[in-house]
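Please consult the sequence and the structure shown below while reading.

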Amino acid sequence: MLILRANDVIILLIKAKAVIKVDDAHKEHRKRMMTRLKRDGASTFFDHELVEMLLYYAIPRGDTNPAAHRLLNEFNGINGVFKADASALKGIHGVGEKSSMLINIVGELLRRSVIKTEISESYRITNTSQAVTYCKTLFLDKKYECLYAICLDIKGKVIADGYICEGVIDQVPAYSRKVVETALRHTAYTVIIAHNHPGGECSPSREDDEVTEKFRIALEAIGITLNDHIIIGDDGYFSYASTGRMNRESLRYMIEAAQKNNLLQKSPEDFDDKTIE
């Protein structure tokens with residue numbers, strides 16, 4: 001049985017009172033900050049103060065100022081904070097799961113705002129240069145490989161850019177279905193597939209070739225044309241359409257299919273580029 005002496009009770013009461021005082025001080029500080037925000041507007045605050053107030057919505061009690069300073073120091077300023085991964089954010093003392101998720105949401109909203117600023121909602125894609133410009137905005141600050149299906153109407157106007165997946169594209173049937181579903185949902189006339197090679201060159205791999213052909217076949221089955229597959233890399237971009245690689249891969253696929261059915265003896269390598277011109 002726990003027996004508390006009078007001195008112990010007094011010490012506990014003093015500590016509790018101190019905690020209450022600190023909590024009250026933080027509440028008053030928050031009130032002052034929010035009053036300033038309402039009166040003067042967000043533009044009058046320093047970066048660390050804005051981050052501090054943002055954290056109020058994930059951390060309902062306590063002092064968020066130290067965590068705000070740590071975030072800005074660790075990620076070299078406001079841009080780094082909103083580009084950081086959730087796992088990296090949670091590594092900062094005072095930043096938990098809710099805070100990291102909130103920061104990630106705001107970061108994604110900022111990224112989309114930049115895209116909308118650079119690309120108007122009536123943007124049309126009628127050539128490779130316009131397609132590349134649009135694709136580059138999709139991969140701003142993306143640290144991992146991502147795949148998008150850009151849906152166009154009959155005049156080349158962008159209807160939507162559907163996010164398909166992140167990471168290595170190793171589940172072609174599932175992703176083919178998602179590409180088809182995205183195209184149908186937005187009543188696309190044509191589609192451009194786009195993905196990135198972060199930290200690498202933009203040259204397509206054999207897997208990229210196979211994925212492109214599978215997507216083309218899946219879309220063709222529902223009467224939608226795959227206009228291009230564009231890869232954005234650190235060294236530039238690669239366009240399947242402008243290089244003629246999409247046509248070559250279609251020919252290769254048909255030849256391999258014919259070989260499997262013993263309808264053709266030649267290998268795909270026996271055909272040069274002139275065969276498909």
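**Nonpolar core, helix and pocket**

Of the 23 residues in the largest nonpolar core, those touching the most other members are I164, V179, V191, I193, F215, L219 and L226. Such a core is a set of buried Ala, Val, Leu, Ile, Met, Phe, Trp, Tyr and Cys residues joined through side-chain atoms within 4.5 Å. Two or more residues of this core come from each of β1 (146–152), β2 (158–166), α8 (172–185), β3 (190–197), α9 (206–220) and β4 (225–233).

The model is predicted: local features need pLDDT of at least 70, side-chain atom pairs count only at pLDDT 80 or more, and totals for chains, interfaces and linings use all residues. Residues are numbered from 1 along each chain as its sequence is written, and side-chain values use heavy atoms, with hydrogens and water left out.

- Not counting residues up to four places away in sequence, L226 touches V191, I192, I193, T212, F215, R216, L219 and M246 (contact means heavy atoms within 4.5 Å).

**Helix α2**
- Seven of the ten residues in helix α2 (residues 47–56) are buried (under 20% relative accessible area, 1.4 Å probe, protein chains only).
- The buried residues of α2 are E49, V51, E52, M53, L54, L55 and Y56.

**Largest pocket**
- The largest pocket holds about 520 Å³ of space (a pocket is an open set of points on a 1 Å grid where a 1.4 Å probe fits, with protein on both sides within 12 Å along at least five of seven lines; lining residues have an atom within 4 Å of a point).
- Its lining has 20 residues, of which F82, K83, G107, R111 and D141 lie nearest the centre.
- Helix α6 gives the largest share of this lining, six residues.

Technical notes: Grid points are joined across faces, edges and corners, and a volume is the space filled by probe spheres set on the points. Helices (H or I, at least four residues) and strands (E, at least two) are DSSP runs, numbered from the N terminus. Buried means under 20% relative accessible area, exposed over 50%, partly exposed in between (1.4 Å probe, protein chains only).
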